[in-house]
Amino acid sequence: MQYSRRYSTSSFSSYFPPGVKWLLIANAAIFLLQFFAIYFLNWDPFRALGLVPYQAVAQLAVWQLFTYMFLHGGIGHILFNLLALWMFGADLERDWGTRRFLRYYFLCGIGAGVTVILATLLFGGAQYRTIGASGAIYGILLAFGMLYPDRIVLFSFLFPMKAKWFVLITGVIVFLNSLQPGGQVSHVAHLGGMVFGYIYLKLAKGRKPIRKTVPSVSLRQRYERWKLDRARRKFQVYMRRHDDDRDRWVH
């Protein structure tokens, strides 16, 4: 897919390329519908879309590996995921193109879901429900660190560091959390998203260049990129567990 000129025709399309834009809209719309249905009707219309390993395997509810990514357990949960998607995913989509970006996003998310299922074989909990797009988001963070290793991100609003070191620290934290007792499958899902993303990036790099050759950039594009980078540096990247009163595992 060729680099699209429409990204440079307006500030809005430059900040929100189509893949990122529609992922943001879809996740936000489903969250709001779910929130108001529960609040006013005491009914969760999307509960069956969460990933329950037993249902996905024994009852062949394989669609849950896709749909669980669009459900979130609270305001903080969805805000972190959507902010990270926008901050770190926009550059990837501009360089890769929408089709390749979405393919990578859903590969990481589905891979995280597969990791959840495999983890339940070892730790139990096949009846518990998992929701959240964090597996795909952690894959996005990994790709950003690998493709733009020298970009500066601000860790916890305090520690500026290069993206490659941020990804390394993130990976170590996620790996150590996944080893904690108590069956914290959400952390395993985060790790799974990064592992599947890493495998994809390595295989794709072996076939053809992972980054696209971008035409010369205008002064306006440079200014817009600078503003986006400045906004990204102000974004607090943090690790936290997303707990939900109704579900044991949310990631």
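## Overall make-up

Contact here means heavy atoms within 4.5 Å. Among contacts in the protein chain between residues at least 6 apart in sequence, 78% join residues at least 24 apart. The model is predicted, so local features need pLDDT of at least 70 and side-chain atom pairs count only at pLDDT 80 or more, while totals for chains, interfaces and linings use all residues. Residues are numbered from 1 along each chain as its sequence is written, and side-chain values use heavy atoms, with hydrogens and water left out.

The protein chain holds ten helices and four strands. Helices (H or I, at least four residues) and strands (E, at least two) are DSSP runs, numbered from the N terminus. In sequence order the pattern is α-α-α-α-α-α-β-α-β-β-α-α-α-β. Of the 251 residues, 50% count as buried; buried means under 20% relative accessible area, exposed over 50%, and partly exposed in between (1.4 Å probe, protein chains only).

## The nonpolar core

A nonpolar core is a set of buried Ala, Val, Leu, Ile, Met, Phe, Trp, Tyr and Cys residues joined through side-chain atoms within 4.5 Å. The largest one has 53 residues, and Leu 85, Tyr 104 and Tyr 105 have the most contacts inside it. At least two residues of this core come from each of α2, α5, α6, α7 (134-147), β2 (152-155), α8 and α9 (185-207). Helix α5 gives the largest share, ten residues. In soluble globular proteins, nonpolar side chains tend to be buried together.

Tyr 105 touches Leu 23, Asn 27, Leu 85, Ala 133, Ala 136, Ile 137 and Ile 140, leaving aside residues up to four places away in sequence.

Helix α2 covers residues 18-41. Its 24 residues reach 33 Å from first C-alpha to last, close to the 34 Å expected at 1.5 Å a residue; the expected span is 1.5 Å times one less than the number of residues. Buried in α2 are Pro 18, Gly 19, Val 20, Leu 23, Leu 24, Asn 27, Phe 31, Gln 34 and Ala 37. What covers them includes α5 and α6 (98-123). Just after this helix, Asn 42 takes a positive phi of about 55 degrees.

Helix α8 has 16 residues and reaches 22 Å between its end C-alphas, close to the expected 22 Å. Its buried residues are Ala 163, Phe 166, Val 167, Thr 170, Gly 171, Val 174, Asn 177 and Ser 178. Seen down the axis of α8, these fall within an arc of 135 degrees, so they line one face of the helix. The arc is that of the directions from the helix axis to the C-beta atoms.

## His 72

His 72 sits in the loop between α4 (64-67) and α5 (75-96). It is buried, with a relative accessible area of 3%. Leaving aside residues up to four places away in sequence, His 72 touches Asn 27, Phe 31, Gln 34, His 77, Ile 78, Asn 81, Ile 131, Gly 132 and Ala 133.

The side chain of His 72 also makes a polar contact with the side chain of Asn 81, at 3.2 Å. A polar contact is a pair of N or O atoms within 3.5 Å; within protein, one must be able to donate a hydrogen and the other to accept it, and residues adjacent in sequence count only if both atoms are side-chain atoms.

## Salt bridges

A salt bridge is a side-chain nitrogen of Lys or Arg within 4 Å of a carboxyl oxygen of Asp or Glu. The count comes to five. One of them joins the side chains of Asp 44 and Arg 129 (3.9 Å, N to O). This pair links distant parts of the chain, with Asp 44 in the loop between α2 and α3 (53-58) and Arg 129 in the loop between α6 and β1 (130-131), 85 residues apart. Both Asp 44 and Arg 129 are buried.

Asp 91 forms a salt bridge with Arg 94, the closest N and O atoms being 2.5 Å apart. Both lie in helix α5, three residues apart, about one turn of the helix. Asp 91 is buried at 0% relative accessible area, and Arg 94 counts as buried at 3%. Lys 162 and Asp 150 meet in another salt bridge (3.6 Å, N to O). Lys 162 counts as partly exposed at 34% relative accessibility, as does Asp 150 at 47%. Salt bridges that share partners join Asp 91, Arg 94 and Arg 151 into one network.
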